[in-house]
Amino acid sequence: MNYKDLEVWFVTGAQLLYGGDAVVKVDAHSNEMVKGLNDSGRLPIKVVYKGTANSSAEVSEIMRAANGDTKCVGIITWMHTFSPAKMWIHGLMDYKKPLLHLHTQYNETIPWNEIDMDFMNLNQSAHGDREFGHITSRLRKPRKVVVGYWKDKSTQEKIAIWMRVCAAWEDAQNMRIIRFGDNMNNVAVTDGDKVEAEIRLGYHVDNAPIAKLVPYVEAVTEAEIDALVAEYCNLYDFAPNAAKGGKDHQFVRDAAAQEIGLRRFLVDKKATAFTTSFDELEGMKQLMGFASQRLMAEGFGFGAEGDWKTAALCRTMWVMAQGLPGGCSFLEDYTLNFDGNNSSILQAHMLEINPEIAAKKPRVEVHYLGIGDSGTCARLVFQAHEGEGIACTIVDMGNRFRMICNDVDVIKPKDLPKLPVACALWKPMPNFEIGAGAWILAGGTHHSSFSFSLTKEYMEDYAEIADVELLLIDKDTNIRNFKQDIRNNEVYYMLNKALR
Ligand code: MN
């Protein structure tokens with residue numbers, strides 16, 4: 001997975017009022033800026049200059065082309081001269097992909113001694129970008145506004161983040177999530193409206209009886225298992241009972257067969273995310289925990305107990321983070337540790353944590369798991385490394401999806417000799433009391449999609465593109481304002497549809 005086949009289009013707004021010379025200069029400047037952005041090495045997706053738009057017909061033509069182009073994942077607009085914004089109305093109303101409005105200027109500083117009226121007529125983004133901002137606001141068009149000089153690192157980094165989110169958004173429009181089994185009985189927070197999810201977020205939630213997967217696992221050959229177990233031996237340590245010759249080694253081989261069969265099944269179905277259920281395992285020798293850990297590291301989104309929203313979000317956040325250090329994982333709020341200012345939450349699951357976030361070489365262990373039909377299961381056991389990250393979830397509020405994003409500080413846990421699971425320990429920001437309190441007031445899940453690689457700016461861009469509610473919990477959060485934000489949003493989303 002990478003972004004090499006994707007493009008972001010750059011469209012410069014201008015008009016013909018200032019004559020042909022001005023248009024030629026606008027075009028030359030735009031070309032130079034696009035080349036500069038591409039040569040900066042900071043943008044993960046190629047910028048393609050699509051020329052200046054000088055009329056309503058030209059704007060509409062570019063927007064329609066962008067909608068139909070499979071490589072184009074978003075458009076950056078910039079108004080070099082004053083571009084009367086009525087000419088953008090039809091095009092922007094038609095446009096269906098992410099939009100970034102760059103408020104910048106070709107020249108960095110005012111050439112105090114040379115500046116004349118010709119210069120002024122040409123370099124008018126100061127008011128041209130306000131005219132464009134007005135019409136995008138009037139149309140209630142979601143977009144990211146980036147303000148800054150185009151050569152500056154901070155400007156380019158904001159564009160880079162948005163580009164990664166555009167790639168993930170595009171990926172989500174083609175995402176298929178396979179669910180092996182339904183949501184865990186009676187659980188509310190992980191369920192939701194799958195039809196609305198496809199309308200609003202793009203992805204398709206499918207299901208497959210576990211019986212369809214069983215033949216894929218049974219068809220895996222001993223030679224294929226040998227090869228994969230050899231790979232495990234290179235990558236991981238082994239508990240004595242799980243190692244070759246150990247009494248429970250067969251469970252590791254069974255897990256390897258599950259990994260190969262599950263991957264083949266998902267590829268056959270063109271699925272990039274999946275959920276499992278410990279209650280739906282007829283014909284399987286164990287809960288597919290080890291396989292889930294391994295496939296998560298390859299970029300398959302994962303949600304436990306039928307949690308399709310978290311599976312989709314894990315995939316989306318993995319796509320955003322392509323090539324960045326850190327790693328991501330499905331995680332669950334496991335148990336609390338009250339310890340004054342260091343109060344924290346142990347994050348784990350029965351089995352399914354992505355080894356990408358491990359501090360040290362993971363260890364293959366085999367233990368009996370009593371819940372549901374899980375049986376005796378192989379799993380990778382490790383502790384996450386320390387560092388800052390974000391925990392995210394999407395919940396269905398009945399009339400809308402709500403995304404919640406919490407800055408968290410992952411700290412070092414103590415050893416857990418009797419709890420053989422992979423885990424992380426974090427302090428939610430701004431502290432345990434406010435962080436956990438705000439998450440609960442927001443109605444957030446006990447499952448989350450966690451990332452060391454991303455920041456809340458990615459999720460802000462995602463929520464803007466998807467046009468879903470976003471509640472951020474960070475160092476500035478206080479409960480009184482947070483509750484008022486929730487009340488305000490309640491009214492906003494009630495009226496939102498009427499406004500559009
Ligand atoms: Mn769970």
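The structure, a predicted model, holds 2 cavities of 30 Å³ or more. Residues are numbered from 1 along each chain as its sequence is written, and side-chain values use heavy atoms, with hydrogens and water left out. Because the model is predicted, local features need pLDDT of at least 70 and side-chain atom pairs count only at pLDDT 80 or more, while totals for chains, interfaces and linings use all residues.

**View 1. The largest cavity has a volume of about 40 Å³.** A cavity is, on a 1 Å grid over the protein atoms alone, a set of points where a 1.4 Å probe fits but cannot get out, and lining residues have an atom within 4 Å of a point; grid points are joined across faces, edges and corners, and a volume is the space filled by probe spheres set on the points. Its lining is formed by Met296, Gly299, Phe300, Gly301, Cys314, Arg315, Trp318, Cys328, Ser329 and Asn354. Helix 12 (308-320) and strand 11 are the elements that give two or more residues to this lining, and helix 12 gives the most, with 3 residues; helices (H or I, at least four residues) and strands (E, at least two) are DSSP runs numbered from the N terminus. By class the lining divides into 5 nonpolar, 4 polar and 1 charged residues, where Ala, Val, Leu, Ile, Met, Phe, Trp, Tyr, Cys and Pro count as nonpolar, Asp, Glu, Lys and Arg as charged, and the others, Gly among them, as polar.

**View 2. The second largest cavity has a volume of about 30 Å³.** Among the residues that line the second largest cavity are Thr276, Phe278, Glu305 and His349, and the lining as a whole has 4 nonpolar, 3 polar and 2 charged residues.

**View 3. A manganese ion is coordinated by Glu305 (OE), Glu332 (OE), His349 (NE2) and His447 (NE2), at 1.9 to 2.4 Å.** Donors are N, O and S atoms within 2.8 Å of the metal (3.2 Å for Na, K and Ca), and sites may look incomplete because water is not among the atoms. Along the chain, the donors of the manganese ion follow the spacing E-x26-E-x16-H-x97-H. Glu332 lies in strand 11 (residues 328-337) and His447 in strand 18 (residues 447-451), so this pair ties together parts that are 115 residues apart in sequence. Glu332 and His447 are both buried, that is, under 20% relative accessible area, with exposed over 50% and partly exposed in between (1.4 Å probe, protein chains only).

**View 4. Phe10, Tyr49 and Trp78 form one aromatic cluster.** Rings of Phe, Tyr and Trp (its six-membered ring) pair if their centres lie within 6.5 Å, and planes under 30 degrees apart count as stacked, over 60 as edge-to-face and the rest as tilted; by this rule the count comes to 18 aromatic pairs. The ring centres of Phe10 and Trp78 are 6.4 Å apart and their planes stand at 55 degrees, so the pair is tilted. Phe10 belongs to strand 1 (residues 7-13) and Trp78 to strand 3 (residues 72-79), 68 residues apart, and both residues are buried.

**View 5. The largest pocket has a volume of about 710 Å³.** A pocket is an open set of grid points with protein on both sides within 12 Å along at least five of seven lines. Of the 28 residues that line the largest pocket, the closest to its centre are Tyr95, Lys96, Lys97, Lys141 and Ile465. The lining of this pocket has 12 nonpolar, 3 polar and 13 charged residues.
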